[in-house]
Amino acid sequence: MLINNDTILKDNDPFIREKSQPVPLPLSDEDRQILTDMYNYVKDSTDPEKAEKMNLRPAVGISAIQIGIPKQLTAVIVPTADAEGNESTVEFMLANPRIISSSVQPAYLEGGEGCLSVTEDHEGYVVRSARIKVQAYDALTDQNIVIRARGYLAIVLQHEIDHFSGILFYDRINKEEPFREVEGAMVI
């Protein structure tokens, strides 16, 4: 399936607000291919040469509803660093991910969030949980997993899982005070 900036649904399309349904496991060949195509989009979008040639916007994640498929499928590739500052990349092709626990401590990206489906700027803090646990099936490892995520990875996963409920990041911005101080927040 061709996925590029022209084929990704934008937020002016009411379908982006549809609820996504869980997929049966084991994955069908069709669902596995959807995940693979989304994963390849995210991977290719971070290569400036490929991104320009293939009309891709840079991304760390994409959910199936964004390509017009209302299924609980998402692919994420997120740069991370450990406590010593060693950089690595976390990659998942998830089916039916769900948050099973989340921290009380809030977190947000200082520069705000973006989305492949949102072309206009929406300024303000998108407050989420600083730490979450996600249960899912990962097609990259072909197993059920539990992801313990904090910081940026936690925010990315929450953003993608929100798509399954038709929620876009700017729905979570405080309309009256978009940059209101969030006490005790992890600022990323």
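Modeller: Start with pairing: two strands pair if DSSP finds at least two bridges between them. Strands are DSSP runs of E with at least two residues, helices are runs of H or I with at least four, and both are numbered from the N terminus. This is a predicted model, where local features need pLDDT of at least 70, side-chain atom pairs count only at pLDDT 80 or more, and totals for chains, interfaces and linings use all residues. Residues are numbered from 1 along each chain as its sequence is written, and side-chain values use heavy atoms, leaving out hydrogens and water.

Colleague: What makes S4 and S5 a pair?

Modeller: Strand S4 (residues 106-108) and S5 share two bridges, in the antiparallel sense. Pairing needs at least two. In one of them, Pro 106 has Ser 129 of S5 as its partner.

Colleague: Which strands stand at the edges of the sheet, and why?

Modeller: The sheet is open, with mixed pairing and the order S5-S4-S8. S5 (128-129) and S8 (186-187) are the edges, because each has a single partner strand.

Colleague: Why is Leu 9 called buried?

Modeller: Buried means under 20% relative accessible area (exposed is over 50%, partly exposed in between; 1.4 Å probe, protein chains only). Leu 9 has 16%, so Leu 9 is buried. Leu 9 lies in the segment before helix H1 (29-45).

Colleague: How do you know that H3 is mostly covered?

Modeller: Twelve of the 13 residues in H3 are buried. Among them are Gly 151, Leu 157 and His 163.
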